[in-house]
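Open the model in a viewer and keep a selection panel at hand. The stops below are given in the order in which to select them.

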Amino acid sequence: MVFEASALNDCTTAGPTPLMGWQEARAIGLSLAGPVDGDVSLPLAQAVGRVTATPCASPVALPLFDNSAMDGFVLATSGLTGQGPWTLSVAGRIAAGDTAGTLPRGAALRILTGAPIPAGADAVIMQEHVRRQGAAIVLDDLPAPGINIRRAGEDLVLGGEVLPAGRELGPRELGVLAATGQSEVTLRRRVRVALLCSGSELREPGEVLAPGQIWNANRYLLTAALALPWVELVDLGAVPDNPARLAAALNHASRTADLVISTGGMADGDEDHMPRLLREGGGSVQALRVAIKPGKPVGIGTLGGAIYVGLPGNPVAAFVTWLMLGAPLLRKLAGITDPLPVFQTARLSAPLIRRPGRAEFRPASLRPAGPDGLPVAELMAPNFAARIALLASADGLALIPADADRLDAGAHIDFLRF
């Protein structure tokens with residue numbers, strides 16, 4: 001459903017728009033987003049945190065060759081005949097980086113972890129499992145063929161998929177690319193994001209405030225949330241509640257960005273211009289007024305070639321709605337395979353009574369796990385919607401379902417760690 005923003009913002013011509021469930025609003029946002037076009041190849045050292053554009057196949061098998069899994073002695077089990085113990089002369093030494101060579105007949109070689117297995121050998125016996133006798137070793141037990149040998153290709157076959165498309169590159173991912181000899185990787189281009197904070201009352205931290213003015217927390221909250229390797233941020237700062245200036249900022253943002261984010265101006269007040277300006281600029285609002293607490297005045301739509309996310313002006317509400325509605329959309333634009341936040345199960349520390357109707361994301365602290373292994377969530381003050389200091393001291397957000405009017409102590413809840 002597409003709502004006409006001009007009507008939605010005109011309380012004299014239309015009644016209140018029904019609230020939309022937060023999961024439905026999120027689904028609408030995700031339906032608008034697809035991975036951005038364009039990719040780039042970068043050296044591994046410049047690819048940290050970026051997102052793979054295509055699957056990465058291995059040009060080699062791993063391990064590259066049969067090698068020793070530990071320090072010990074390499075030998076041929078076929079040469080150990082009759083009843084033990086068996087005595088073998090130690091004819092040399094192989095370390096990692098040496099050429100494998102060939103095992104001398106009837107002898108063993110000292111071998112170190114990672115060293116190649118010589119031709120003719122089929123077992124590595126731990127150094128703790130032999131007795132030294134001068135230049136020889138004595139074995140009391142017959143080793144099984146293949147013991148303590150890492151076989152070529154047992155980790156990864158030639159041409160096997162190393163990483164799928166849509167994977168963020170962290171230490172594990174970069175490690176396996178390097179291990180397969182790949183010096184470059186093909187990545188999605190960065191998502192271009194434009195951010196503006198509407199409000200004539202906003203001033204920069206450090207500036208002297210006149211009566212009625214506040215410092216712009218949203219700018220720093222969201223620029224920090226957007227400080228990601230796969231995001232190219234255009235920070236437009238604060239824009240006064242002047243329709244002409246806001247329209248100009250939105251127009252500029254929509255022409256330069258894949259995603260436009262604004263804060264403030266989404267409610268029904270006299271200075272809440274964003275839905276109307278979006279419509280007048282040729283855009284649409286496809287989700288408005290969401291059943292989420294905090295953050296009911298939030299909008300998702302399109303403007304020009306960009307997706308638009310309008311967040312509330314309240315910093316706590318802006319942060320919560322960004323995490324639940326905006327961030328998944330951004331991750332999908334980046335091409336990340338799993339864009340949704342990952343909740344864990346926790347137990348409620350105390351009973352809760354509330355008015356149902358909106359899903360509530362309550363700041364909470366997390367205690368150590370109880371006997372059942374689940375952590376315990378202690379909800380913070382119920383009047384949290386405007387308390388950014390409370391948000392800063394929380395461990396995460398506890399999700400209270402929209403239809404819940406009462407939860408008992410010990411009840412299972414979903415918890416999102418910060």
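The tour goes from a pocket to a helix pair and then to some backbone features.

This is a predicted model, in which local features need pLDDT of at least 70 and side-chain atom pairs count only at pLDDT 80 or more, while totals for chains, interfaces and linings use all residues. Residues are numbered from 1 along each chain as its sequence is written, and side-chain values use heavy atoms, with hydrogens and water left out.

**Stop 1: the largest pocket**

Select Trp322, Leu323, Ala327, Arg331 and Pro341, the closest to the centre of the largest pocket among the 17 residues that line it. The volume of this pocket is about 280 Å³. On a 1 Å grid over the protein atoms alone, a pocket is an open set of points where a 1.4 Å probe fits, with protein on both sides within 12 Å along at least five of seven lines; lining residues have an atom within 4 Å of a point. Points are joined across faces, edges and corners, and the volume is the space filled by probe spheres set on them.

Next, colour helix H7 (315–333) and strand E29 (412–417), the elements that give two or more residues to the lining. H7 gives the most, with seven residues. Helices (H or I, at least four residues) and strands (E, at least two) are DSSP runs, numbered from the N terminus. By class, the lining has 14 nonpolar, no polar and three charged residues. Ala, Val, Leu, Ile, Met, Phe, Trp, Tyr, Cys and Pro count as nonpolar, Asp, Glu, Lys and Arg as charged, and the others, Gly among them, as polar.

**Stop 2: H2 against H7**

Show side chains: Trp22, Ala25, Arg26, Gly29 and Leu30 in H2 meet Met324, Leu325, Pro328, Leu329 and Lys332 in H7 (contact means heavy atoms within 4.5 Å). These residues divide into seven nonpolar, one polar and two charged.

**Stop 3: the backbone**

Most residues other than glycine have a negative phi, and most peptide bonds are trans. Go to Leu62 and Pro63, where the peptide bond is cis, with omega near -10°. Pro63 sits in the loop between strands E3 (56–57) and E4 (67–68).

Finish at Arg289, which is not a glycine but has a positive phi of about 65°.
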